[in-house]
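Here is a structure to read alongside the text that follows.

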Amino acid sequence: MDLVLLFFIFVLAAFLGLELISKVPSQLHTPLMSGSNAISGITIVGAIVATGANEDGTTGMILGLLALIFATINVVGGYLVTDRMLQMFKKKGK
Amino acid sequence: MEFDSIINLAYVIAATLFVFGIKMLGSAETARRGNMVSGIGMLIAVVVTLLDREILDYKWIVAGLIIGALIGGIAARVVKMTSMPELVALFNGFGGFASLLVAWAELEKIESLGWQLYTGQMGTPAQFSSFVIYLAMLIGGVTFTGSLYAYGKLSGRVSGRALVFGGQKFLNILLLVAILGIGVVFTWGENLDTASSLFVIGVCLALIFGVMGVMPIGGGDMPVVISLLNSCSGLAASAAGFVIGNNVLIVAGCLVGASGLILTVIMCKAMNRSLGNVLFSGFGAASQSSGDDDDREPKAISAEDAYYVMEAASSVVFIPGYGMAVAQAQHVVKELAELLEENGAEVNFAIHPVAGRMPGHMNVLLAEADVPYEQLVEMDNINPIMPTVDVAVVIGANDVVNPAAANDESSPIYGMPIIEAHNAKTVFILKRGQGKGFSGLVNKLFVMDNSRMIYGDAKATISAMVNELKG
């Protein structure tokens with residue numbers, strides 16, 4: 001893939017990220033953090049390819065599998081815990 | 001070719017959902033849906049990745065997904081709300097570690113293919129691949145051990161105090177130079193045999209550096225560290241995206257990196273300190289006895305006597321801090337607040353942005369105890385009405401109510417915005433003992449004429465008041 005294009009995407013995403021959450025009430029700081037933390041588990045995509053594309057038993061596959069386990073914990077745990085927190089905020093919100 | 005376009009198109013959709021998800025997380029009404037939207041984005045990304053033609057075998061993928069989902073799911077279900085900061089730190093560290101491993105797996109792939117074949121496939125120069133592999137490893141590794149150490153500090157497994165020793169800065173600089181030096185050799189070295197041993201050394205150094213970086217940072221500065229590490233885990237994912245040339249990783253990781261940075265800046269502002277100061281000063285490590293001329297003794301009062309004042313009050317403000325989390329007093333505080341309201345008083349909770357150990361820590365605890373959202377007042381809104389408040393009850397907070405921050409220019413925390421509890425007509429301070437706060441500073445609030453200390457466990461104290469009110 002074209003390198004410059006990747007950088008282009010990166011820079012735009014950075015500005016977007018900076019703009020997105022300029023004014024967040026402090027009440028939501030924790031859920032925002034844990035929710036975005038779950039998104040950073042996107043590295044799961046790389047882990048899936050690394051696990052599946054390498055031959056069985058190679059170092060690459062084992063590293064990939066480890067990555068996959070850790071990334072999945074990050075993703076699944078992150079989303080669920082955020083949801084639990086937000087549910088708590090919600091129920092008395094009326 | 002066409003198939004790849006479909007995958008990439010799905011990635012665009014996933015990235016869009018992440019953007020919307022983060023946006024929606026920023027507002028109370030839409031936050032929960034926002035989290036689900038971003039979760040759907042993640043699901044789409046995972047599912048289309050499974051269609052990738054490079055994948056030869058699914059059994060390990062399925063196994064990895066199941067194991068990870070089970071561990072993550074159970075951890076998320078059983079954790080107590082009071083342990084939320086450490087769990088978030090732990091998950092965060094895992095994300096960073098996964099990015100490190102993805103970079104490592106890619107290096108293995110390069111070794112099995114050889115540079116010529118690999119660069120032909122990727123269409124990027126060898127130096128670029130080496131560079132981003134090293135970068136993803138470095139950020140991921142630092143995030144991993146930094147988060148684990150933060151987890152240890154937050155859960156009380158290791159001392160939460162800032163740890164400073166002689167030559168620490170020198171050692172850190174030495175480490176950093178070594179990491180960068182190896183990175184340069186790794187990036188421009190042609191030999192794949194040395195590359196892999198250099199990489200392993202780099203991994204070790206990065207892991208050590210993560211621990212060293214968090215070591216001199218004390219408990220009260222944890223909100224900053226946690227949000228910074230959060231930002232780092234995003235950047236690590238983004239770097240891993242450059243490694244495997246995958247744009248959804250680049251975008252999603254970068255979004256997290258940038259939004260985490262914003263949160264970090266907000267936290268720093270709430271303490272009126274620069275990020276550099278938080279990271280490198282070892283703040284709170286040395287208990288500076290700042291030649292204090294004020295030798296007035298704090299006046300103590302019993303919970304029963306305090307109750308009579310509370311009963312007569314028409315407006316009460318609770319100011320919670322980390323001590324409330326430690327004592328797990330949020331439920332009894334809520335009970336007390338309800339009784340006071342029935343008694344005709346107006347009750348509010350004043351929340352300082354850095355009270356507790358993670359951004360928004362107090363909000364989570366009070367929400368768990370069912371305190372209505374309308375009663376949670378941010379610092380800037382409560383301060384103007386503070387002089388009209390009859391009783392301010394400080395529960396396990398210290399530095400965030402220290403008037404020295406407002407009026408003592410020689411104080412290390414001078415300029416930090418505080419909740420002006422000292423302006424209330426009466427201040428009750430619930431405190432376990434006579435120890436100092438995280439900053440190690442003497443708190444002038446405790447010796448003021450309108451202040452009364454109530455020593456003892458916050459939960460027991462509040463329970464005693466609740467019983468008086470009921471009785």
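Buried area is the accessible area, taken with a 1.4 Å probe, that two parts lose on being put together, summed over both. The model discussed here is predicted. Between chain A and chain B the buried area comes to about 8100 Å², and carbon and sulfur atoms give 75% of it. In chain A, the residues that lose the most area to chain B are A:Met33, A:Ile42 and A:Arg84, which together make up 8% of what that side buries. Counted by residues, the contact takes 80 from chain A and 102 from chain B.

Polar and charged pairs also cross this interface. Between the two chains there are two salt bridges. A salt bridge joins B:Lys59 to A:Asp56, with the closest N and O atoms 2.8 Å apart. Across the interface of chain A and chain B, 16 residue pairs are in polar contact, both residues being at pLDDT 80 or more.

Which helices of chain A each supply at least two residues of the side that touches chain B? They are α1 (3-20), α2 (29-39), α3 (44-53) and α4 (59-91). Helix α4 of chain A gives the most to that side, with 32 residues. Sorted by class, the side of chain A that touches chain B has 47 nonpolar, 25 polar and eight charged residues.

One residue of chain B can be followed from here. B:Asn363 is found in helix α15 of chain B, which covers residues 361-368. Is B:Asn363 buried or exposed? Its relative accessible area is 3%, and the cut-off for buried is under 20%, so B:Asn363 is buried. Apart from neighbours within four places in sequence, B:Asn363 is in contact with A:Ser26, A:Gln27 and A:Phe89 of chain A and with B:Ile351 and B:Leu376 of chain B.

Chain B itself is divided by the domain assignment into domain 1 (1-78), domain 2 (97-280) and domain 3 (303-470). The C-alpha centres of domain 1 and domain 2 of chain B lie 23 Å apart. Eight residues of domain 1 are in contact with seven residues of domain 2, and the area buried between these domains is about 600 Å², of which carbon and sulfur atoms give 74%. B:Tyr11, B:Phe18 and B:Ile22 supply 58% of the area that domain 1 buries against domain 2, more than any other three residues.

Between domain 1 and domain 2 of chain B the count is one salt bridge. B:Lys109 forms a salt bridge with B:Glu54, the closest N and O atoms lying 3.5 Å apart. The side of domain 1 that touches domain 2 consists of six nonpolar residues, one polar and one charged.

Note on methods. Residues are numbered from 1 along each chain as its sequence is written. Chains are lettered from A and ligands numbered from 1 in the order in which they are written. This is a predicted model: local features need pLDDT of at least 70, side-chain atom pairs count only at pLDDT 80 or more; totals for chains, interfaces and linings use all residues. Side-chain values use heavy atoms; hydrogens and water are left out. Contact means heavy atoms within 4.5 Å. A salt bridge is a side-chain nitrogen of Lys or Arg within 4 Å of a carboxyl oxygen of Asp or Glu. A polar contact is a pair of N or O atoms within 3.5 Å; within protein, one must be able to donate a hydrogen and the other to accept it, and residues adjacent in sequence count only if both atoms are side-chain atoms. Helices (H or I, at least four residues) and strands (E, at least two) are DSSP runs, numbered from the N terminus. Ala, Val, Leu, Ile, Met, Phe, Trp, Tyr, Cys and Pro count as nonpolar, Asp, Glu, Lys and Arg as charged, and the others, Gly among them, as polar. Buried means under 20% relative accessible area, exposed over 50%, partly exposed in between (1.4 Å probe, protein chains only). Domain bounds come from an automatic or database domain assignment.
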